[in-house]
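Here is a short briefing on helix packing and aromatic pairs, written for reading beside the model. Have the structure open as you go through the points.

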Amino acid sequence: IWAMNAGQVSWEQLSSRISDYLHRAGTSESSTKFTFSGGESLSPDFRFTSADGIQIYRILQEAIQNAMKYGEATEVKVNLRQSENNIILEIIDNGKGFDEAKIIPGNGLFNMRKRGEEIGGKLHIKSEIGKGTVVVLNWPFSD
């Protein structure tokens, strides 16, 4: 609702929503530690469309839910940074990991990739059994 009611979303608004979501996730799943860093290099005036903000937030939610539900992660790190003309969102967990070639992908993995494509970005998932999962969303922006 927060993003749909605005024409544009600022970095500060998205950052606040991510922090709030991680706090709520940590409260409901006390055995998992959540950390959030990044965005310091972005201008507080940095803005993107509300539709992009919703997609980014939904990717984050799905990755975290997967880390807790399937990965049984005890630690989830969320990093947001700028690299040249790209914004990079990383969700890193220490869960049990998986071999993507040996699983039947559900709607969650499919939807995360689709959402990344819808904002003109690329979503990569790297997972290794016993070593956790890294979800990286890389999307271009212009000033």
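A search of the whole structure turns up 3 aromatic pairs; rings of Phe, Tyr and Trp (its six-membered ring) pair if their centres lie within 6.5 Å. Please keep in mind that this is a predicted model, where local features need pLDDT of at least 70, side-chain atom pairs count only at pLDDT 80 or more, and totals for chains, interfaces and linings use all residues. Residues are numbered from 1 along each chain as its sequence is written, and side-chain values use heavy atoms, with hydrogens and water left out.

**Aromatic pairs**

- Trp11 and Phe36 have ring centres 6.4 Å apart and planes at 45 degrees, so this pair is tilted (planes under 30 degrees apart count as stacked, over 60 as edge-to-face and the rest as tilted).
- Trp11 is buried at 9% relative accessible area, whereas Phe36 is partly exposed at 23% (buried means under 20%, exposed over 50%, partly exposed in between, with a 1.4 Å probe and protein chains only).
- Tyr21 and Tyr57 form an edge-to-face pair, because their ring centres are 5.9 Å apart and their planes stand at 75 degrees.
- Tyr21 belongs to helix H1 and Tyr57 to helix H2, so this pair ties together parts 36 residues apart in sequence.
- Both Tyr21 and Tyr57 are buried.

**Helix H1 against helix H2**

- The axes of H1 (residues 11-28) and H2 (residues 50-69) come within 11 Å and cross at roughly 20 degrees (axes are lines fitted to C-alpha atoms, for helices over the stretch in contact, and angles run from 0 to 180 degrees between N-to-C directions).
- That makes H1 roughly parallel to H2 (angles under 35 degrees count as roughly parallel, over 145 as roughly antiparallel, 65 to 115 as roughly perpendicular and the rest as oblique).
- Residues in the contact include Leu14, Ile18 and Tyr21 of H1 and Ile56, Tyr57 and Leu60 of H2; contact means heavy atoms within 4.5 Å.

**Helix H2 against helix H3**

- H2 and H3 (residues 107-118) pack at an angle of about 155 degrees, with their axes 9 Å apart.
- The two helices, H2 and H3, are therefore roughly antiparallel.
- Among the contact residues are Ile59 and Ala63 of H2, and Leu109 and Met112 of H3.

Notes
Helices (H or I, at least four residues) and strands (E, at least two) are DSSP runs, numbered from the N terminus.
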